[in-house]
Amino acid sequence: MSTLPVFATPSTVTPGLDAAWVARTVEVALDEDLGPAPGRDVTSQATIPPSATGVAELAAREDGVVAGLVVVGEVLDQVANRLGLEPPSVTFHAQDGDAVTTGQVLATLEGRTLVLLVAERTLLNLASRASGVATATRAFARELAGTGAQVLDTRKTTPGLRALQKYAVRAGGGTNKRMGLYDVAMVKDNHVVAAGSVAAAVRAVRETFPDVQIQVEADTTAQALEALASGADFLLLDNMEPDRLAETVAAVREREGRDGVPAHVELEATGNLTLDKARKVASTGVDFLSVGALTHSAGILDLALDLRA
């Protein structure tokens, strides 16, 4: 956990990132870059005296939405500890979730130059990746504004960075569906094959893990209604064209509140959803659009850490 002498939490995103997770992730990232702790940066340590001090600016090189500033302090803190030096101070001029413009200074870092340069790439890798996810998510959130539908992420994340990427989705205005295999049941076609039927799969989950929400994937209106009758709490309507999707939504809504069906069943459109299709899909009446590309295909937001001359 960061012990920086000057550190204002640069985020209002809730829930925030777990400090223990951030510490572990930064440690792994630094080991990757420097070698096992304490590691070394042969270029910086050869050319920069440990006593030298400087000021660096973390800035945006393109417009977007920033996320991942919450890791900056931890990276600097751990690098300073490895080098046996005091950590730089950080003054933030933006916070996670802010829209930023090209050239905007997001933070000012002041302290030992060696710490600043050794930390540079790890700091930028994490913040740039998170900011890219937040930027992609914000585009969908803006497109869906006023429709009543929200954009969701998926489990299609970079191994080891799921918490950061899902945090970035929240920073961009999106919603997390499930964090992993442990918190929500999702019955897909392979589960149906293995269990013998949708009803059998739902029943098995309900009996084994009665505390979890059960989601069921459906490719057709008939499958959606079968899942509803089986006791699903949430339906994933997969790869349906807008007209078929609207028909399925209407069929489900007509059954809500009757014969044991909840008063409102959450419906998610999923499968190859792109920004140009988002508003039309939302107009069908679904609650969510699930977009794996938010995390598996979003580019980075170009950020830079520049020493003042």
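**Exercise 1.** How many bridges join strand β9 to β10, and do the two run parallel or antiparallel?

*Before you start.* You're working with a predicted model, where local features need pLDDT of at least 70, side-chain atom pairs count only at pLDDT 80 or more, and totals for chains, interfaces and linings use all residues. Residues are numbered from 1 along each chain as its sequence is written, and side-chain values use heavy atoms, leaving out hydrogens and water.

*Solution.*
Step 1: Find β9 at residues 234-238 and β10 at residues 266-270. Strands here are DSSP runs (E, at least two residues), and helices are runs of H or I with at least four, numbered from the N terminus.
Step 2: Count 5 bridges between these parallel strands; two strands pair if DSSP finds at least two. F234 stands opposite E266, for instance.
Step 3: Follow the chain from β9 through helix α9 (residues 242-255) to β10, a right-handed β-α-β crossover. Right-handed means that, with the strands pointing away from you, the path from the first strand over the helix to the second runs clockwise.

**Exercise 2.** Work out what β10 pairs with next.

*Solution.*
Step 1: Go to strand β11 (residues 288-290), which is parallel to β10 and joined to it by 3 bridges.
Step 2: Spot T270 opposite S290.
Step 3: Trace the link through helix α10 (residues 275-282), again a right-handed crossover.

**Exercise 3.** Why is β10 largely enclosed by the rest of the structure?

*Solution.*
Step 1: Set the cut-offs: buried is under 20% relative accessible area, exposed over 50%, partly exposed in between (1.4 Å probe, protein chains only).
Step 2: Check the strand: 4 of its 5 residues are buried, so β10 is largely enclosed.
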